[in-house]
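Colleague: I would like to go through the terms used for this model. Take me from each value to its rule.

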Amino acid sequence: MPIASSELILNPDGSIYHLNLKPEDIADIIITVGDQDRVAKVTSYFDEIIFETQKREFKTQTGFYKGRKMTVISTGIGIDNIDIVINELDALVNIDLESREIKPKHQKLNFIRIGTSGGIQPHAELDKFIMSEAGVGFDGLIHYYKNDILNDQATEALCKHLKISSKKPQPYIVGGDADLINLFKTEENVISGFTGTNLGFYGPQGRTLRLETQDPTFIDQLVDFNFNGKTITNLEMETSAIYGLAKLLGHGALSMNAIIANRSTGNFSKNPKAAVDSLIQLTLNKLAKY
Ligand SMILES: O=P(O)(O)O[C@H]1O[C@H](CO)[C@@H](O)[C@H]1O
Ligand SMILES: O=c1cc[nH]c(=O)[nH]1
């Protein structure tokens, strides 16, 4: 059955609705960044850029780094955008846009996020990099999809550990891609950990400016969680959704974050741009060999 025009939406030029992309515009390695200005920072290291477009916050450039074709796309902030970006990129390779039928042969993409994040453990020091072994979702996105991809034991342990209000979405834990994790595992400056993702920067990440949070102990509870020696190291706003959707759709995913705030010391990086730049170079060099 062809997928209806209201569900798989194409622009008049045949490109996919929000991203403005056609299948031939993307590579199988897809670097996602939050900030649209970070796209050009990544591709400034490319040998060549062969394609670019932008619609809303979704800026895309495709080119070659050390001979390896890669696409860089900005997702903007938050899991709602991740739902759009991952579903539409998957549609480009796994749905025939003319017949609107799912292709018989699945094509795997690899999503690598280069982001920024706040450390919650003392060892998640400023300007270090955290490689997310798993995403810990407080955003609820995955519960909208039929799924059996969660790390059930870790999810159960977390739900038991947290005194989370029943008014909030149920947390979930989903792992990253083992091959991509191995690629970065032994790298100096890279700490591995579980990355908490939430649907806001302030209250949902336990920050108080003028508004009190519903549970002022939330961050302390996260810091204390330990699953077989693994702890929640950092908080940001995309990883759990990328890991969940990538796994459901049969793609690889890895999230790398530069730690620009440390919530346990109350400090912010003196040079976040330098930290992100150095993470970009590390990631590109690893991916060139992938
Ligand atoms: O630097 P990026 O990739 O945007 O990532 C982090 O920064 C934004 C919040 O300032 C959120 O998107 C969060 O996940
Ligand atoms: O603390 C932080 C820092 C960057 N991005 C986040 O989402 N949280």
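This is a predicted model: local features need pLDDT of at least 70, side-chain atom pairs count only at pLDDT 80 or more; totals for chains, interfaces and linings use all residues.

Colleague: How do you know that the radius of gyration agrees with a compact globule?
Modeller: The radius is taken over C-alpha atoms, and the rule is 2.2 Å times the number of residues to the power 0.38. With 290 residues that gives near 19 Å; the protein chain has 19 Å, so the two agree.

Colleague: Why is Gly206 called buried?
Modeller: Buried needs 20 or more other C-beta atoms within 10 Å of a residue's own, with C-beta atoms placed from the backbone. Gly206 has 21, so Gly206 is buried. Of the 290 residues of the protein chain, 41% count as buried.

Colleague: What does Gly206 touch?
Modeller: Contact means C-beta atoms, placed from the backbone, within 7 Å. Not counting residues up to four places away in sequence, Gly206 touches Thr213, Phe218 and Ile219.

Colleague: What makes up the shell around ligand 2, by residue class?
Modeller: It divides into 5 nonpolar, 4 polar and 1 charged. Ala, Val, Leu, Ile, Met, Phe, Trp, Tyr, Cys and Pro count as nonpolar, Asp, Glu, Lys and Arg as charged, and the others, Gly among them, as polar. Members of the shell include Phe201, Gln205 and Glu236.

Notes
Residues are numbered from 1 along each chain as its sequence is written. Chains are lettered from A and ligands numbered from 1 in the order in which they are written. A residue is near a molecule or strand if its C-beta atom, placed from the backbone, lies within 6 Å of it. A residue is buried if 20 or more other C-beta atoms lie within 10 Å of its own, exposed if 12 or fewer, and partly exposed in between; C-beta atoms are placed from the backbone. Two residues are in contact if their C-beta atoms, placed from the backbone, lie within 7 Å.
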